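Take a look at the structure below. Keep it in view as you read the short report that follows.

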Amino acid sequence: GSGTPPEPTGIENTGSIATVTFGAAATWAKVLEFEQDIAVGNAEFGSMSWITTPEVRGAWKALEKATNTAQFVWGSDNMVNGYNTYVSNQVASDKVVFGNFSQLLIGSWGGSTVTVDPYSKAQTGQFVVTISSFHDVAVRHPEAFSFSTDSGAQ
């Protein structure tokens, strides 16, 4: 998120997060830059992983590490350079995030409220259920993350 209420400040908008700019189609060297960013920040610990979009996964499954090697950036084991990968349509603009997600804190407070409204849709025999809860997100160590400034699926 942008950090402007009610959005939390996400990984991308947290200061001091390392960035990688593809500038064109992704390359193996650019993929390795993510890992290098975290190592330079002395944050290469724990279990790190990737998160991106289905479009990036598709592009990286077809992207060879080097010409005519049949070794692809996104392996058939669903790993990139030995790290777990996750895919979500919630990642904006086909960006790529790599990091130690144990350093991403998600807090909730106030519990959850469930409201059942049997009246609004009573004519159709339906009811409306609304669930409200409060959460926030913070990055404990910005050095533990690197994200792309542009699309990894170019």
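This is a predicted model: local features need pLDDT of at least 70, side-chain atom pairs count only at pLDDT 80 or more; totals for chains, interfaces and linings use all residues.

Start on its surface. Val114, Val116, Phe127, Val129 and Ile131 form a nonpolar patch there, with about 510 Å² of accessible area together. Two elements each give two or more residues to the patch: strand 6 (104–117) and strand 7. Val116, for one, sits in strand 6.

## Phe134 in strand 7

Stay with strand 7, which covers residues 128–139. Phe134 belongs to this strand. Is Phe134 buried or exposed? Its relative accessibility is 51%, and exposed means over 50%, so Phe134 counts as exposed.

Which residues does Phe134 touch, leaving aside those up to four places away in sequence? They are Gly107, Ser108, Trp109 and Gly111. Phe134 and Thr113 are 21 residues apart in sequence, and their C-alpha atoms are 9.8 Å apart in space.

Look at strand 2, residues 49–52. Strand 2 runs parallel to strand 4, and 4 bridges join the two.

## Two salt bridges

Side chains of opposite charge can pair when their charged atoms come close. How many salt bridges does the structure hold? It holds 2.

One joins the side chains of Lys95 and Glu12, at 2.6 Å from N to O. Lys95 lies in the loop between strand 4 (83–87) and strand 5 (97–99), while Glu12 lies in the segment before strand 1 (18–20), so the bridge ties together parts that are 83 residues apart in sequence. Lys95 counts as buried, because its relative accessibility is 15% and the buried class is under 20%. Glu12 is partly exposed, with a relative accessible area of 37%.

The side chains of Glu33 and Lys30 also meet in a salt bridge, at 3.3 Å from N to O. Where do these two residues lie? Both are in helix 1 (residues 28–40). They are 3 residues apart, so about one helical turn separates them. Glu33 counts as partly exposed at 26% relative accessibility, and Lys30 counts as partly exposed at 22%.

## Backbone exceptions

Most residues other than glycine have a negative phi, and most peptide bonds are trans. Some places in this model go the other way. Ala70 is not a glycine, yet it has a positive phi of about 55°. Ala70 lies in the loop between helix 2 and strand 3. Its relative accessibility is 58%, so Ala70 counts as exposed.

Ser93 is not a glycine either, and its phi is positive, at about 55°. Look for Ser93 in the loop between strand 4 and strand 5. Ser93 counts as exposed, at 55% relative accessibility. The peptide bond is the other feature to check. A cis peptide bond joins Pro5 and Pro6, with omega at about 10°. Pro6 is found in the segment before strand 1.

## The segment before strand 1

Gly3 also has its place in the segment before strand 1. Is Gly3 buried or partly exposed? Gly3 counts as partly exposed, because its relative accessibility is 32%.

What does Gly3 touch, not counting residues up to four places away in sequence? The contacts are Pro8 and Thr9. Gly3 and Asn13 are 10 residues apart in sequence, and 7.4 Å separates their C-alpha atoms in space.

Notes
Residues are numbered from 1 along each chain as its sequence is written. Side-chain values use heavy atoms; hydrogens and water are left out. A salt bridge is a side-chain nitrogen of Lys or Arg within 4 Å of a carboxyl oxygen of Asp or Glu. Helices (H or I, at least four residues) and strands (E, at least two) are DSSP runs, numbered from the N terminus. Buried means under 20% relative accessible area, exposed over 50%, partly exposed in between (1.4 Å probe, protein chains only). Two strands pair if DSSP finds at least two bridges between them. Contact means heavy atoms within 4.5 Å. Patches are made of residues with over 30% relative accessible area and no salt bridge: like charges are joined within 9 Å, nonpolar side chains (Val, Leu, Ile, Met, Phe, Trp, Tyr) within 5 Å. Accessible areas come from the Shrake-Rupley method with a 1.4 Å probe; for residues, only the protein chains shown count as cover.
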